[in-house]
Amino acid sequence: MLFALIVLVILLASGVAVVRSMNTSLASAGNLAFKRDLINQGEQAIDAVLVKFSGSGALVTPAARNSNLKSANYSATALATNDRGVPTALLSNTAFNAVGTDANDIKDDTAKVTIRYVIDRLCSTAASPGTLGAAGCVFPRRSMTCGAAAVRR
């Protein structure tokens, strides 16, 4: 009888451990799904930005990119960032209003998600990158290695 009681207590303890483990796993899976959904939602901002640089977009010409354009959420200079690399303009409405306009926000009322973006050029001052040169702007390398092939620009 004592032996059966000890086995019952051990089974009860292991059952509690399994339930706690499942709750942790479900919470982790939920967090991963939430993060993945936000990444997918964020891709809408990439589409909005690409439109600004193509066709009749506001930033098609090099001259348009030489100065700040608040209506396109565009900064001709590199924006300040926090320790994670997120532009501080995205962290407060006051800082954002100095760089962009909330009319460009992408809102999904069903998912209750608002996507806000900024575009910053990696130059020290607002001018033509050709004038600033390599010391004033970050330029892409001429060739990039992708697997076994090299991509040339």
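# Reading pocket, cores and loops

Trainee: Which residues line the largest pocket?

Mentor: V49, F53, P62, R65, N66, Y74, I119, D120, R121, S128 and P129 line the largest pocket. A pocket is an open set of points on a 1 Å grid over the protein atoms alone, where a 1.4 Å probe fits, with protein on both sides within 12 Å along at least five of seven lines; lining residues have an atom within 4 Å of a point. The model is predicted: local features need pLDDT of at least 70, side-chain atom pairs count only at pLDDT 80 or more, and totals for chains, interfaces and linings use all residues. Residues are numbered from 1 along each chain as its sequence is written, and side-chain values use heavy atoms, with hydrogens and water left out.

Trainee: How many residues of each class does the lining of the largest pocket have?

Mentor: Six residues of the lining are nonpolar, two are polar and three are charged. Asp, Glu, Lys and Arg count as charged, Ala, Val, Leu, Ile, Met, Phe, Trp, Tyr, Cys and Pro as nonpolar, and the others, Gly among them, as polar.

Trainee: In what order do the elements of the chain run?

Mentor: Helices (H or I, at least four residues) and strands (E, at least two) are DSSP runs, numbered from the N terminus. This chain has three helices and six strands, in the order α-β-α-β-β-β-α-β-β from the N terminus on. Among its contacts (heavy atoms within 4.5 Å) between residues at least 6 apart in sequence, 47% join residues at least 24 apart.

Trainee: What makes up the largest nonpolar core?

Mentor: A nonpolar core is a set of buried Ala, Val, Leu, Ile, Met, Phe, Trp, Tyr and Cys residues joined through side-chain atoms within 4.5 Å. Buried means under 20% relative accessible area, exposed over 50%, and partly exposed in between (1.4 Å probe, protein chains only). Here the largest core has eleven residues in all: A45, V49, L59, A72, Y74, A76, I106, V113, I115, Y117 and I119. Helix α1 (2–52) and strand β3 (113–115) are the elements that give two or more residues to this core. A second, separate core of five residues includes L79, A89, V99 and V118. Over the whole chain, buried residues make up 19% of the 153 residues.

Trainee: Is D105 buried or exposed, and what does its side chain contact?

Mentor: D105 occupies the loop between α2 (93–99) and β2 (106–108). D105 counts as buried because its relative accessible area is 13%. A polar contact is a pair of N or O atoms within 3.5 Å; within protein, one must be able to donate a hydrogen and the other to accept it, and residues adjacent in sequence count only if both atoms are side-chain atoms. The D105 side chain makes such a contact with the side chain of R116, at 2.9 Å. Outside the four places on either side in sequence, D105 touches F96, T114, I115 and R116.

Trainee: Where do N73 and K112 lie, and what is the phi of N73 and of K112?

Mentor: Neither residue is a glycine, yet phi is positive at about 60 degrees in N73 and about 55 degrees in K112. N73 is placed in the loop between α1 and β1 (74–75) and is buried, at 0% relative accessible area. K112 is found in the loop between β2 and β3 and is exposed, at 75%.
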